[in-house]
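Biologist: Hi! Could you walk me through this one?
Modeller: Happy to, here it comes.
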Amino acid sequence: MKDPKIMSQEHPIDLFLRPNSFEGFIGQRQCIENLKIFLKAAQHRKEPLDHVLLHGPPGLGKTTLAHLIAKSCESRLKITSAPVLMKTGDLAALLTGLQKQDVLFIDEIHRLPISVEETLYSAMEDRRLDIILGDGPHAQSMRLTLEPFTLIGATTRIGLLSTPLKDRFGITLALGFYTAAEMEAIILQGAQMLKMVLTPEACSVIAVRARETPRIGLRLLRRIRDFGDAWNRSLIDESLVLQALSALGINSLGLDGLDQRYLVALGCLFQGGPVGIETLSATLSETKDTLEDVVEPYLLQKGLIQRTPRGRAITSSGQEALSLCQSLSQ
């Protein structure tokens with residue numbers, strides 16, 4: 001039976017589109033170069049790679065890098081997510097099941113409960129696990145020795161990571177948004193893997209509207225392929241892409257329906273702000289985490305909104321984007 005704590009929520013097509021080597025990974029050049037050096041040094045010393053912390057907005061390649069690190073180390077990769085590690089026993093079962101040189105990937109690691117996080121400290125530093133058996137006066141402490149392993153933590157909110165945990169990662173890599181040229185290369189690579197015939201103009205349109213994020217660009221590519229198949233079009237040209245993106249509600253700035261609702265709420269309902277994130281969350285019926293982790297990073301990157309001590313406020317560029325959203329909805 002599959003261990004419920006070892007999980008992957010990825011669709012098989014996402015695994016298919018993932019590069020299988022560092023050479024095939026497009027973008028994040030400095031991070032990749034540094035990783036290669038760290039991996040080569042660890043292999044030279046015949047030691048496991050130091051623990052790695054990857055942080056940045058969703059969809060930039062944190063899980064992909066975990067796969068590539070494990071492959072480069074010729075190690076097994078075990079994937080889990082912090083919200084499912086609710087008790088120290090969950091973490092203990094996971095760690096004691098690791099073999100020598102295994103790589104453990106914990107997604108959204110900033111969401112670990114404090115008791116689980118504290119148990120992780122000794123495991124990371126000393127490869128030691130202290131667990132308590134029983135309750136009350138009959139409780140006994142047991143110390144377990146762990147096999148050498150590499151922990152890869154991924155987070156979209158590094159500011160929420162406690163200092164003691166953050167300091168135990170020997171390697172910290174920040175992933176940034178991708179350039180237009182990198183996005184075009186990623187879209188073209190994905191189209192080739194999906195056996196799609198994509199014109200350069202169509203590729204450029206998808207790249208521009210992919211929010212500088214590979215996960216979004218490849219997801220749009222798959223949906224455009226659906227439109228092409230449904231309309232019996234073997235050549236994916238700019239006209240087809242524009243029709244498909246219009247049907248999907250993606251405007252020329254790459255803003256989807258939720259992004260546009262966010263700008264309309266901030267710019268119209270609240271006269272441009274400032275307004276608190278809790279108020280925006282209630283107005284849009286979306287969780288605060290969704291707005292902070294998924295919507296706002298790109299809007300901040302493009303200068304459409306700003307965070308102030310009093311809350312979120314729309315910028316002049318955001319007002320222009322809002323005008324575009326309103327004109328398209330009429």
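Biologist: Is Thr-63 buried or exposed?
Modeller: Thr-63 is buried, with a relative accessible area of 15%; buried means under 20%, exposed over 50% and partly exposed in between, using a 1.4 Å probe and protein chains only. Bear in mind that this is a predicted model, where local features need pLDDT of at least 70 and side-chain atom pairs count only at pLDDT 80 or more, while totals for chains, interfaces and linings use all residues. Residues are numbered from 1 along each chain as its sequence is written, and side-chain values use heavy atoms, leaving out hydrogens and water.
Biologist: Thanks! What UniProt annotation covers Thr-63?
Modeller: The unreviewed UniProt entry has "binding site" there, though annotations may be inferred rather than shown by experiment.
Biologist: And which helix does Thr-63 lie in?
Modeller: In α3; helices are DSSP runs of H or I with at least four residues, numbered from the N terminus.
Biologist: At what angle do α2 and α3 pack?
Modeller: About 30 degrees, with the axes 11 Å apart; α2 is residues 29–45 and α3 is residues 62–72. The two are therefore roughly parallel, a label for angles under 35 degrees.
Biologist: Which residues make that contact?
Modeller: Ile-32, Leu-35, Leu-39 and Gln-43 of α2, with Leu-65, Ile-69 and Ser-72 of α3; contact means heavy atoms within 4.5 Å.
Biologist: New topic: how much of the chain is buried?
Modeller: 47% of its 330 residues.

Key. Axes are lines fitted to C-alpha atoms, for helices over the stretch in contact, and angles run from 0 to 180 degrees between N-to-C directions. Angles under 35 degrees count as roughly parallel, over 145 as roughly antiparallel, 65 to 115 as roughly perpendicular and the rest as oblique.
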